[in-house]
Amino acid sequence: MSWLTEYVRPKIRGLLKREVPDNLWTNCESCEQMILTKDLRKALNVCPHCGHHMRASVPERLEWTFDNGEYTRIELPKVPVDPLSFRDRKRYTDRLRDERAKSHLEESMAVAHGQIGGHNAVVAVMAFEFIAGTMGAALGEAFLAAARLAILQQSPLIVFTASGGARMQEGMISLMQMPRTTVAVQMLKEAGLPYFVVLTNPTTGGVSASFAMLGDVQIAEPNALIGFAGQRVIEDTVREKLPEGFQRAEYLLEHGMLDMVVKRGDLREVLGRLTAQLNYRHIAPRAA
């Protein structure tokens, strides 16, 4: 082999070859168009081609919701780990450890406080990235902590839901979080504080059957899947074909289950306006 093939050709290939990061592009889950990841982030994870609202992480939700992206996370109460010594494909304790390492979260709900539209607010965000946002004892404690903080600060509570339902690894303990979170909502009502729910894709199971549908104002992102059981299960039960778009946000809005469907880019403004309007008892009156 000549020096051209042994030396020159590899050098030329090295000059022409460019390293392309794996996360440079993202495919839309709906229209399958390729989007520059940096452009997608600027668009708040909304596809510029079809308007599909992709999932958002807890840090993204908090940054997009609070004024200037500034907020304070609170430490949440600890709960017993693996009370049932559950095991499916792996031990529940191992699953929790792996999920915490992957998501950098302790559980499926995070709570923070700050300002929205210049008004104090407490925000709880469900993390679909943590075991599909399933509801266990830790989520129940987090929700109660969020409600208590809102009452302490005399602020509205805003909850972003995203969940596959109850957490099977905790059995009846998981189901008990439905009445516990309902009690927390009642605490807010007795304190005269607004409770807003923003339902995102998907919100299903025990979450949709409890605190997710108890808001003073029910908001959803476009085309979010919202329901208790899946469409196939319902069709098999009632033995009827369900309407087009059944369990989607727009269908629920049309049938009175929601108050509004709001695009992600408009959510902060809408929440700020609602906070100012419905939390009027805790706003100082104007000087005469």
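This is a predicted model: local features need pLDDT of at least 70, side-chain atom pairs count only at pLDDT 80 or more; totals for chains, interfaces and linings use all residues.
Which residue in β6 does Ala-124 stand opposite?

Let's start with β5, which spans residues 119–126 and is mostly covered, with six of its eight residues buried. On one pairing, β5 meets strand β4 (residues 109–116): the two run antiparallel and are joined by eight bridges. Within this pairing, Gln-115 has Asn-120 of β5 as its bridge partner. The hairpin of β4 and β5 leaves two residues between the strands, and Gly-117 in this hairpin adopts a positive phi near 60°.

β5 also pairs with strand β6 (residues 157–163), this time in the parallel sense and over four bridges. Here is the answer to the opening question: Ala-124 stands opposite Val-159 in β6. To get from β5 to β6, the chain passes through helix α5 (residues 137–153), making a right-handed β-α-β crossover.

## A nonpolar surface patch

Now for the surface. Leu-24, Trp-25 and Met-34 make a nonpolar patch of about 290 Å². Of these residues, Leu-24 sits in the loop between α1 (3–16) and β1 (25–27). Why does Leu-24 count as partly exposed? Its relative accessibility is 34%, which falls between the 20% limit for buried and the 50% limit for exposed.

## The annotated span

An unreviewed UniProt entry carries the annotation "zinc finger region: C4-type" for residues 28–50. In the model, the end C-alpha atoms of residues 28–50 lie 9 Å apart. By secondary structure, this span is 26% helix and 13% strand.

Terms used
Residues are numbered from 1 along each chain as its sequence is written. Side-chain values use heavy atoms; hydrogens and water are left out. Patches are made of residues with over 30% relative accessible area and no salt bridge: like charges are joined within 9 Å, nonpolar side chains (Val, Leu, Ile, Met, Phe, Trp, Tyr) within 5 Å. Accessible areas come from the Shrake-Rupley method with a 1.4 Å probe; for residues, only the protein chains shown count as cover. A salt bridge is a side-chain nitrogen of Lys or Arg within 4 Å of a carboxyl oxygen of Asp or Glu. Buried means under 20% relative accessible area, exposed over 50%, partly exposed in between (1.4 Å probe, protein chains only). UniProt positions are given in the numbering used here, feature names are shortened, and annotations may be inferred rather than shown by experiment. Two strands pair if DSSP finds at least two bridges between them. A crossover is right-handed if, with the strands pointing away from the viewer, the path from the first strand over the helix to the second runs clockwise.
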